[in-house]
Amino acid sequence: MWYILPFLVPGSLVYLGNGPAQLLAIYGSLPELALIALIYYGNSRGAMLGQLAGLAIGLTIDFLSAAPLGFFTFIFTLAGYAAGKSKGKIYVDPIFTPLLMIAVGILTKALLVFILAGVFGYPEVRSAVFGSPFLIQLVYSLVLAPVVFALLSLLDRVFPKKRRGGYQD
């Protein structure tokens with residue numbers, strides 16, 4: 001179960017964000033719950049598992065959206081890798097660190113969407129990247145980030161990694 005959670009939780013959040021969670025949208029903007037979960041799991045499990053989970057999440061979003069295949073896959077794989085490289089290098093307190101990590105993650109995602117939309121030739125996407133829905137999404141995600149981090153930390157305690165003999169990281 002420990003190895004499945006980083007794929008199952010963000011994948012479920014992607015599904016909820018595309019369907020039932022639309023009721024919670026503020027002016028059409030939803031929080032980046034899948035990105036929050038990806039950053040948590042990347043930071044707590046390492047770069048390899050972070051980028052694999054990012055790959056799975058990105059492919060899921062690519063299939064559910066009208067974006068070209070690989071658009072969100074690249075962004076989420078890079079986000080999972082970057083979050084994984086921070087494992088053990090920063091102290092994760094309950095409030096400030098999740099806020100900082102999510103703010104950097106969402107701003108980086110928006111910048112990559114802006115650049116990739118220019119590469120793929122989507123001018124309407126480039127003009128909407130840093131608009132008012134983006135700011136609402138950023139604030140909404142920052143408000144929920146400490147709560148999601150706390151819930152995922154609790155979930156990690158419920159399903160701990162089983163230690164077998166030999167070398168473990």
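Which residue forms a salt bridge with R45? In this predicted model, where local features need pLDDT of at least 70, side-chain atom pairs count only at pLDDT 80 or more, and totals for chains, interfaces and linings use all residues, the partner is D156, with the closest N and O atoms 2.5 Å apart. Residues are numbered from 1 along each chain as its sequence is written, and side-chain values use heavy atoms, leaving out hydrogens and water.

A salt bridge here is a side-chain nitrogen of Lys or Arg within 4 Å of a carboxyl oxygen of Asp or Glu. Because D156 lies in helix α7 and R45 in helix α2, their pairing ties together parts 111 residues apart in sequence. Helices are DSSP runs (H or I, at least four residues), numbered from the N terminus. Both D156 and R45 are buried, that is, under 20% relative accessible area with a 1.4 Å probe, protein chains only.

The structure holds two salt bridges, so let's visit E32 and K109 as well, whose side chains meet at 2.6 Å, N to O. E32 sits in the loop between α1 and α2 and K109 in helix α5, 77 residues apart. E32 and K109 are buried too.

K109 also leads us to F72, which is in contact (heavy atoms within 4.5 Å) with G58, I61, D62, S65, A67, K109 and V113, leaving aside neighbours within four places in sequence. G58, in helix α3, counts as buried because its relative accessibility is 0%. The C-alpha atoms of G58 and T73 are separated by 3.6 Å, although these residues are 15 apart along the chain.

F72, I75 and F76 have the most contacts inside the largest nonpolar core, a group of 36 residues. Such a core is a set of buried Ala, Val, Leu, Ile, Met, Phe, Trp, Tyr and Cys residues joined through side-chain atoms within 4.5 Å. Its largest share, eight residues, comes from α2.

Technical notes: Buried means under 20% relative accessible area, exposed over 50%, partly exposed in between (1.4 Å probe, protein chains only). Helices (H or I, at least four residues) and strands (E, at least two) are DSSP runs, numbered from the N terminus.
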